[in-house]
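Colleague: I have not seen this one before. Can you walk me through a few spots?

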Amino acid sequence: MQPTDIWMNRALALAVKAIGLSDPNPRVGCVLVSADGELLGEGHTQAAGQAHAEIMALRDAAARGRTVKGATAYVTLEPCSHHGRTGPCCDALAAAGVSKVVASLPDPNPLVAGQGFARLRAAGVRVETGPGAAESRELNIGFFSRMVRRTPWVRLKIAASLDGRTALNNGASQWITSEAARADGHAWRSRASAVLTGIGTVLEDNPRLDVRRVPVGRQPDVVIVDSRLEIPVDSLILQPARRKLVYCAAHSQERQAALEAAGATVVHLPGPGGKVDLAAMLSDLASREVNELHVEAGHKLNGSLIREGLVDELLAYFAPKLLGEGRGMANFGPLTSLSEALELEFFSTERIGSDLRILARIPGRDSFH
């Protein structure tokens with residue numbers, strides 16, 4: 001393995017530590033290395049409004065008493081060039097005397113989009129791109145989706161028996177999958193900017209849909225599709241201190257006031273048939289800086305999202321059980337021909353405890369640039 005790959009792999013490992021912390025900013029890692037190959041400093045992006053990876057690495061080098069003049073910075077995304085919640089990282093690297101920047105990818109944010117590289121080169125800093133590009137993009141697929149497509153990356157999470165049942169006919173579903181699978185599901189929740197569910201799930205299960213089984217720097221927002229504003233204000237999902245968005249189709253000033261008093265934001269987005277306009281909802285969520293949207297809903301809302309072509313990937317846990325009759329994973333039929341089936345591509349498969357986890361993507365959904 002070449003030194004560039006070694007240091008970029010280290011930077012990517014640091015970027016992973018920003019999961020559940022840096023949203024809505026991308027997950028970025030940075031490593032500063034001397035001309036003779038010595039680690040000088042390293043860091044990853046902190047919570048929004050706090051230091052980016054490059055600043056953390058410069059601070060780390062200073063804390064070690066090391067100068068970075070003439071060093072190479074290995075960073076998993078183009079250093080920013082604009083004044084947002086923090087100052088431009090490209091200027092900080094140049095001012096510190098870094099002589100070379102190796103970056104995985106250009107930043108898709110239109111406020112950056114190559115300007116960071118341009119300013120570095122103008123300051124006499126050499127720039128190389130490419131190492132770790134696929135890994136960095138995958139780590140930040142929600143950020144890329146929001147910046148390029150103007151919608152979040154939508155992940156549909158399902159826990160089912162081997163014959164595809166998510167609950168018995170009477171609604172009982174706790175627990176089809178194992179403790180290990182449930183903990184793993186919380187780890188995927190922690191990746192998300194927001195967790196989405198429907199009013200049916202809220203009324204039946206009264207879930208919290210927060211992250212409890214793994215450490216997390218920030219709780220994801222919660223999004224509820226509730227066409228008629230039926231959600232009780234004492235629902236558990238409304239209790240945690242986090243942003244709560246309720247999308248509705250029928251307007252009720254009284255119900256809206258009660259929900260707003262409970263800390264929720266009500267968004268009126270009516271669509272056909274008295275339902276919420278789901279496509280408009282995704283656009284609105286992107287405007288609210290939601291990168292990854294993690295869906296944990298029932299078969300009706302799952303089916304609507306699939307039917308409207310709004311799902312990017314499925315995260316499915318299959319337990320080694322057969323339930324026979326029961327509720328399916330997504331209600332979007334009936335189909336009249338097998339050619340109408342939703343085609344998927346297996347992205348990864350892994351055994352989690354006694355269960356099988358499959359990540360499957362809609363072909364072409366990740367091809368945006």
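Colleague: Where is Leu209?

Modeller: Leu209 sits in the loop between helix H8 (199-205) and strand E8 (221-225). Helices (H or I, at least four residues) and strands (E, at least two) are DSSP runs, numbered from the N terminus. This is a predicted model, where local features need pLDDT of at least 70, side-chain atom pairs count only at pLDDT 80 or more, and totals for chains, interfaces and linings use all residues. Residues are numbered from 1 along each chain as its sequence is written, and side-chain values use heavy atoms, with hydrogens and water left out.

Colleague: Is Leu209 buried or exposed?

Modeller: Leu209 counts as buried because its relative accessibility is 6%. Buried means under 20% relative accessible area, exposed over 50%, and partly exposed in between (1.4 Å probe, protein chains only).

Colleague: And what is phi of Leu209?

Modeller: Phi is near 55 degrees for Leu209, a positive value in a residue other than glycine. Glu289 also has a positive phi, near 70 degrees. Glu289 is in the loop between helix H10 (278-287) and strand E11 (292-295), and it counts as partly exposed because its relative accessibility is 31%.

Colleague: New topic. Which residue does the "active site" annotation cover?

Modeller: The UniProt record, an unreviewed entry, puts that annotation on Glu54. UniProt positions are given in the numbering used here, feature names are shortened, and annotations may be inferred rather than shown by experiment.

Colleague: Where is Glu54, and what does it touch?

Modeller: Glu54 lies in helix H2 (residues 53-63). It is buried, because its relative accessibility is 3%. Leaving out residues up to four places away in sequence, Glu54 touches Cys30, Val75, Leu77, Pro79, Cys80, Cys89 and Leu93. Contact means heavy atoms within 4.5 Å.

Colleague: What about H3 and H4, which residues meet there?

Modeller: From H3, Cys90, Asp91, Leu93 and Ala94 meet Gly116, Arg119 and Leu120 of H4. The residues of this contact divide into 4 nonpolar, 1 polar and 2 charged. Here Ala, Val, Leu, Ile, Met, Phe, Trp, Tyr, Cys and Pro count as nonpolar, Asp, Glu, Lys and Arg as charged, and the others, Gly among them, as polar.
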